[in-house]
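This report goes through a few features of the structure shown below, starting with its aromatic rings.

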Amino acid sequence: MKTTRINKKIADAGITSRRKADKLIEEGRVVVNGKKVTEPGLQVTDKDQVTVDGVLLTKEEPVHILYYKPAGEISAAEDDKKRDTVIDAFHDIDARLYPVGRLDYDTSGLLLVTNDGEFTQHMTHPKFEMKKTYRVKTDGILLRHQQDEMRRGIKLDDGLTAPCDLKVIRDKGGKDMILEITIHEGRNRQVRRMFEHFGLNVTKLTRIRFDFLTLDGLKEGEYRFLKPHEVKKLIASSNK
């Protein structure tokens, strides 16, 4: 009989990602056949009854959504301060959805939303190096030698950034600037911190591209379902 790691079974049920499933297991919130488990490597079968916080797991049909997140929403399934979250936009969809990665509260743009833990793993794990492009507006000018430094990698408080692509879109003669930057890392507030390294504040930040996906055809707050071939293409990109 086929067995599956318990964290994958939890992810396949649309609860959360494998990595976060490990934490649920370690916290003792997972029960298999009536017994609490704390070992993420436990193997289970389709006949085993698995509950998380008392709710029996059933495998949901996978849902993959491209959402144009407005600024002012939390990239989480819920918020203890009762602020608006990105999941509030999907109250009519009968699935346990969560964001793939995150965009900061003040950042808008392309965010993937799903109930597919394996898909999330491919889109967010550092080893897969998925490319994300942001449009950045700054309150000053990033000089040419600073642009070259950023492309090569700069040292932040959590280490050296990987090389990135950087393109100037508009330079208003010393007042402000609009650029596009493509990175494959996912550190907290990374793009903002990269510009702060050179004394610049980011006044507007929008993720405009995730791998080959764009915001074309969407307005802020709108979403569309990914087509099956788009999901396969994203997985293929992550495996390159």
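## Aromatic cluster

Rings of Phe, Tyr and Trp (its six-membered ring) pair if their centres lie within 6.5 Å; planes under 30 degrees apart count as stacked, over 60 as edge-to-face and the rest as tilted. The model is predicted, so local features need pLDDT of at least 70 and side-chain atom pairs pLDDT 80 or more, while totals for chains, interfaces and linings use all residues. Residues are numbered from 1 along each chain as its sequence is written, and side-chain values use heavy atoms, without hydrogens and water.

Tyr67, Phe90, Tyr223 and Phe225 form one aromatic cluster. The ring centres of Tyr67 and Phe90 are 5.2 Å apart with planes at 70°, so this pair is edge-to-face. Tyr223 and Phe225 also make an edge-to-face pair, at 6.0 Å between centres and 85° between planes.

Burial is judged by relative accessible area: buried is under 20%, exposed over 50%, and partly exposed in between (1.4 Å probe, protein chains only). Tyr67 and Phe90 are both buried. Tyr223 is partly exposed at 24%, as is Phe225 at 45%.

## Nonpolar cores

A nonpolar core is a set of buried Ala, Val, Leu, Ile, Met, Phe, Trp, Tyr and Cys residues joined through side-chain atoms within 4.5 Å. The largest has 31 residues, of which Leu97, Leu142, Met150, Ile181 and Phe195 touch the most other members. A second, separate core of 15 residues includes Leu110, Phe119, Leu213 and Leu215.

Beyond its neighbours within four places in sequence, Phe195 has contacts (heavy atoms within 4.5 Å) that include Val136, Leu166 and Val202.
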